[in-house]
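This briefing concerns the chain shown below. Please keep its sequence and structure in view while reading.

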Amino acid sequence: MEINYTNVIDVSYSEEFISHVKSLKENTQPVKPKKLSNPEEEHDAEPIKNKEDIARLRDYFLHHNLRNHMLFVVGINVGLRISDLLSLRFRDVMNDDLSYKKEIVKIEQKTRNTSKKIKRRIFSLSPVAVQAIEMYRQTIKNFSLDLYLFRSESPATKYTYTNKHMTRQGVQD
């Protein structure tokens with residue numbers, strides 16, 4: 001199957017850039033992200049359409065939290081609802097030999113609960129999303145395919161290797 005990447009936002013990084021970011025991460029002070037252009041009301045959820053805003057957010061997450069960076073990059077490239085994203089496990093996107101699947105089938109949770117028909121979404125990961133997942137995966141001690149892709153990093157689970165996925169509240173914080 002040929003994948004069309006024309007609608008995918010290219011947020012790829014060179015190896016030199018990734019090494020530079022890892023060294024900066026240890027030696028930098030937290031930086032507040034700049035405000036996005038034309039923000040709507042405080043509680044409205046509007047899509048981010050400005051490519052500069054997307055690049056700023058991506059860079060902010062890359063410097064501060066690789067899990068959140070992965071969530072952002074995978075989220076904008078895949079287009080699943082947050083509840084479906086948070087339920088993904090490494091096994092859903094990777095094969096047993098740690099290669100990435102060409103096609104991923106996800107049964108949408110919200111649609112499943114409101115419809116009599118099960119709605120399956122078939123999607124592919126862009127090279128950029130694969131790179132973001134791989135950068136994060138390499139930081140995980142005791143890696144297993146059964147781990148959630150977006151594990152909770154709350155103080156209760158951070159050091160115990162409990163396999164709980166992030167919550168919607170964790171995404172909002």
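The model is a predicted one. The chain comprises 9 helices and 2 strands, and 34% of its 173 residues are buried.

**Overall make-up**

- Read from the N terminus, the order of elements is α-α-α-α-α-β-α-β-α-α-α.
- Among contacts in the chain with a separation of 6 or more, 58% join residues 24 or more positions apart.

**Nonpolar core**

- The largest nonpolar core contains 29 residues, of which Met70, Val74, Phe90, Leu125, Ile133, Leu149 and Phe150 touch the most other members.
- Two or more residues of this core come from each of α3 (66–78), α4 (82–86), α5 (90–93) and α7 (127–137).
- Once neighbours within four places in sequence are set aside, Ile133 has contacts with Met70, Val74, Phe90, Val93, Tyr100, Leu125 and Leu149.

**Packing of α3 against α7**

- Two packed helices are described by the angle between their axes and by the distance between those axes.
- For α3 and α7, the angle is about 160 degrees and the axes are 9 Å apart.
- Because angles over 145 degrees count as roughly antiparallel, α3 is roughly antiparallel to α7.
- The crossing of α3 past α7 is left-handed.
- On the α3 side, the contact is formed by Leu66, Arg67, His69, Met70, Val73, Val74 and Asn77, which meet Val128, Ala129, Ala132, Ile133, Met135 and Tyr136 of α7.
- By class, the residues of this contact between α3 and α7 comprise 10 nonpolar, 2 polar and 1 charged.

**Burial of α7**

- Of the 11 residues of α7, 9 are buried, so this helix is largely enclosed by the rest of the structure.
- The buried residues of α7 are Val128, Ala129, Gln131, Ala132, Ile133, Glu134, Met135, Tyr136 and Arg137.
- Ile133 is therefore one of the buried residues of this largely enclosed helix, and it is also among the core residues that touch the most other members.

**Lys102 in its loop**

- Lys102 is located in the loop between α5 and β1 (104–107).
- Is Lys102 buried or exposed? With a relative accessible area of 69%, Lys102 is exposed, because the cut-off for that class is over 50%.
- Lys102 and Leu125 are 23 residues apart along the chain, and their C-alpha atoms are separated by 7.4 Å.
- Leu125 itself belongs to the largest nonpolar core and is in contact with Ile133.

Notes. Residues numbered from 1 in each chain as written. Predicted model: local features only at pLDDT ≥ 70, side-chain atom pairs only at ≥ 80, totals over all residues. Heavy atoms only, no water. Core = buried A, V, L, I, M, F, W, Y, C linked by side-chain atoms within 4.5 Å. Buried < 20%, exposed > 50% of the residue type's maximum accessible area, 1.4 Å probe, protein only. Helix = DSSP H or I, 4+ residues; strand = E, 2+ residues; numbered from the N terminus. Contact = heavy atoms within 4.5 Å. Axes fitted to C-alpha atoms, helices over the stretch in contact; angles between N-to-C directions. Parallel < 35°, antiparallel > 145°, perpendicular 65-115°, else oblique. Left-handed = near helix turned anticlockwise from the far one by under 90°. Nonpolar A, V, L, I, M, F, W, Y, C, P; charged D, E, K, R; others polar.
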